Every structure is written in structure tokens, then in C-alpha cells.
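Me: I have a model open and some terms I would like tied to their cut-offs. Please go through them with me.

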Amino acid sequence: MKKSKKEYRNHPTETRVQNHRYKKRHIWAWVMGIVALVAVVATAAYFASVYFKAKNAVDKTYDPHTAVKTTGEFNGKKRFAVLLMGTDTGALNRTEKRGRTDTMILAVVNPAKKHYTLVSIPRDTMAQMVGSETFSTEKINAAYEIGGARMAMDSVSKLINVPIKYYAVVNMGGIMKMIRYVGGINIRPTLSFEYGGYVFEKGKLTHMGGAGALAYSRMRYDDPKGDYGRQERQRQVIVTLIKKAVSISSLSNLDSILTSVSSSVRTNLPFSALQQIAMNYRSCAKSSSSDYLHGYSAEIKDAAYQIQPTSELQRISDLVRSELGLEKEVVQNNETFQNEQNEANGFSFKSGNTQHYHIYDYTGKGDN
């Protein structure tokens with residue numbers, strides 16, 4: 001569906017940083033924190049009977065089709081990234097089997113800093129669908145619908161030139177259950193608005209249940225910042241949920257919670273890996289920061305897109321690679337090629353107007 005040209009605002013590219021305890025027995029809560037939107041929880045500190053119930057439930061979330069080697073990967077010293085995705089299915093009368101991803105956030109865990117970083121990828125970002133049989137450029141949120149988790153990971157990886165091996169996806173129904181099971185969350189809204197029957201007042205501490213928090217994080221058309229404002233609220237919900245999950249002392253109905261949430265979650269992180277993350281990276285929950293790809297509004301064949309300037313792709317690539325302990329590299333991909341061709345033909349990222357953006361034939365030469 002074509003989006004309003006007013007949906008986005010063209011702001012200068014800039015970093016938005018919002019700097020933000022886990023007890024050993026709360027292993028399941030830290031997993032929720034690491035996976036952020038998905039509440040893929042595990043426990044090894046509970047009684048043996050609960051342990052096996054947890055394993056059986058979490059095993060149902062595992063996706064063997066995108067399995068990767070995890071032995072030794074989560075020893076508490078290595079850094080890693082997980083692509084977190086929230087789909088349009090599972091709530092608000094949406095029943096598609098595999099919808100587009102309303103939310104795409106790259107979570108980067110850095111034990112050297114005892115810190116994690118959340119980087120939002122705007123849903124309307126123009127990107128190559130990596131893995132497609134023929135060259136295809138779509139909005140990045142279409143990757144999961146077209147080619148599943150593998151295409152989503154590969155497309156984001158190619159977009160910002162960072163390695164991505166792990167993912168977790170949850171539908172909206174799962175998000176509601178997750179927040180409901182921790183007893184809701186308290187948030188100070190970033191702006192005043194009404195959405196889905198809920199009223200939010202800017203700066204007023206508000207208790208939100210699952211449906212309320214979902215409504216708060218989904219609205220975008222009445223936000224002056226458009227989808228960027230929504231991304232900010234989504235990250236706010238995630239960080240608040242992490243803090244709430246970490247603060248909970250116990251749950252008597254853990255097995256039923258896991259069973260319920262598992263039907264809404266898919267990940268290629270096996271139970272053993274989640275255990276290791278919970279045990280070895282708990283100190284990383286103490287601090288977090290947020291950032292996002294900040295693009296430019298343009299039209300491609302009369303559809304509204306966000307075009308990421310080459311300088312912005314490079315900035316985010318440098319940020320993530322640094323957090324992962326990797327050397328910085330020059331980003332060279334379909335998107336930088338398209339930017340070069342369009343600018344050579346009159347497109348300007350300094351213009352305040354919505355311009356038409358053309359997709360040129362791309363051979364892939366010069367890719368990293």
C-alpha cells in the first residue's frame with residue numbers, strides 16, 4: 001500500500017544514544033532481554049522438573065532450517081549480534097502465516113563493555129533481496145515474507161556490511177503475551193496520542209499491559225517523526241521490558257508461560273546456546289544504547305521508500321562492526337551503487353522535497 005508522503009520527515013543523519021541486573025537464578029529473564037522482542041526464555045537454576053519443561057517448550061521455537069554452529073560461540077568473551085524481528089501476524093485481526101516485519105532491530109552484545117546496542121532498521125528501507133533467484137530490490141521488511149529468516153538476515157547483513165548469523169522473530173500476539181506475563185510495564189510516553197482505544201499522555205508515567213504496549217509501539221502516522229518516532233517507542237518498550245524481566249524474583253507458572261510464548265516465536269538459537277547466553281552474558285544487561293539508520297524519503301515507481309545515504313550506511317556499519325570487534329570496511333553494495341547512479345542523474349540527498357529514485361541494473365561488482 002502506498003504510504004503518505006508525510007509519513008516521514010527528512011532529518012539530518014545523527015546518532016541517537018539513550019544509555020540505560022540480572023541474578024543468577026533468573027536465567028529465563030536474561031534470555032528475554034537478549035532476544036528483546038521475543039522472550040525466548042531458558043532456565044538452568046530452577047528445579048530439574050522445571051528445567052526439562054523449559055527445554056521442551058523452548059525447543060519448539062527452534063528453526064533447524066537456519067541452524068548454524070554455536071559451540072564455543074557464547075563463552076562470555078565473544079561478541080555477537082542477533083537480528084530481532086516482529087511480524088504483522090498474531091494480533092489485531094491479522095492472520096497471515098508469515099507477514100512482513102513491522103520491526104527489525106539488530107541487537108549487538110559487547111561483553112568487553114558489559115553493554116548491548118539496539119540498532120533499528122526502518123521497515124521501508126530500500127534494499128536488495130539477497131538470495132532471490134533474480135536481482136530484486138524491495139523494502140527491507142519484505143525480505144522475511146519473501147525468503148524467510150535467511151533472506152532477512154542476509155539482506156540486512158549486505159545492507160550494512162556486518163555478519164549476522166542469529167535471529168529471533170515473534171508475532172504481535174507473542175509480544176502481548178510476553179508483556180502480560182511480566183505484569184505489564186511502566187513507560188513515560190514520548191508524545192501524546194490516541195491509538196487503538198488507548199490514550200497516551202506525553203511524560204506521564206503510564207502502566208501498559210500487553211495490548212496497551214503494543215498500541216503504544218505501533219502508531220506511526222500521527223507521529224511527527226513518522227516511522228522513526230515509532231522505532232524510538234519500540235526501543236523504549238524493549239529496554240523497559242528487559243529491566244522489568246530482570247527485576248522479577250520468580251514465576252510459579254514458568255512452564256505454562258514458556259509453552260504459551262513458544263507458539264509465537266522462532267529462532268535459530270538452540271536451548272543450549274540460550275543457556276550459555278543467560279549464564280555468561282548477564283552483566284551486559286546493565287547498560288544499553290540505541291541507534292538507527294536514518295534515511296531520506298523518496299518514491300520508487302510511486303511507492304514511498306526510505307533511501308539510506310551512503311554516508312549513513314557507512315556510519316551504522318562502522319558502529320556495529322566496532323561493537324563486534326571487527327575492522328571497519330568501506331560499504332560497497334547495491335544500495336551504494338544505486339545512490340551513486342541516482343546522484344549522477346540529479347537526485348539530491350540535500351533536497352527537502354520528495355524525489356523519484358530510479359533502480360538501475362546492478363551486477364554486484366565491487367561488493368564486499
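Me: What is the mean pLDDT of the protein chain, and what share of its residues reach 70 or more?
Reply: The mean is 81, and 76% of the residues reach 70 or more. pLDDT is the predictor's confidence in each residue, from 0 to 100. This is a predicted model, in which local features need pLDDT of at least 70 and side-chain atom pairs count only at pLDDT 80 or more, while totals for chains, interfaces and linings use all residues. Residues are numbered from 1 along each chain as its sequence is written, and side-chain values use heavy atoms, with hydrogens and water left out.

Me: Where is confidence lowest, and where is it highest?
Reply: Helix α1 (residues 27-35) has the lowest confidence, with a mean of 44, and helix α9 (residues 310-323) the highest, at 98. Helices here are DSSP runs of H or I with at least four residues, strands are runs of E with at least two, and both are numbered from the N terminus.

Me: What makes E73 and K165 a salt bridge?
Reply: Their closest N and O atoms are 3.2 Å apart. The term asks for a side-chain nitrogen of Lys or Arg within 4 Å of a carboxyl oxygen of Asp or Glu, so the pair between E73 and K165 qualifies at 3.2 Å. E73 sits in the loop between α2 (48-59) and β1, and K165 in the loop between α3 and β6, so the pair ties together parts that are 92 residues apart in sequence.

Me: Why is E73 called buried?
Reply: Its relative accessibility is 19%. Buried means under 20% relative accessible area, exposed over 50%, and partly exposed in between (1.4 Å probe, protein chains only). E73 therefore counts as buried, whereas K165, at 36%, counts as partly exposed.

Me: What about R230 and D102, buried or exposed?
Reply: R230 is buried at 3%, and D102 is buried at 11%. Their side chains meet in a salt bridge, 3.8 Å from N to O. R230 lies in helix α6 (residues 227-247) and D102 in strand β2, 128 residues apart. Both belong to a network of salt bridges that also links R123, D124, K139, R218 and D227.

Me: How do you know that β3 and β12 pair?
Reply: Five bridges join strand β3 (residues 115-120) to β12, and the two run parallel. Two strands pair if DSSP finds at least two bridges between them, so five bridges meet the rule. One of the bridge partners is S289 in β12, for T117.

Me: What makes β11 and β12 edge strands?
Reply: The open sheet of six strands has the order β11-β6-β1-β2-β3-β12, with mixed pairing. β11 (265-267) and β12 (288-292) each have a single partner strand, so one side of each is left without a neighbour in the sheet.
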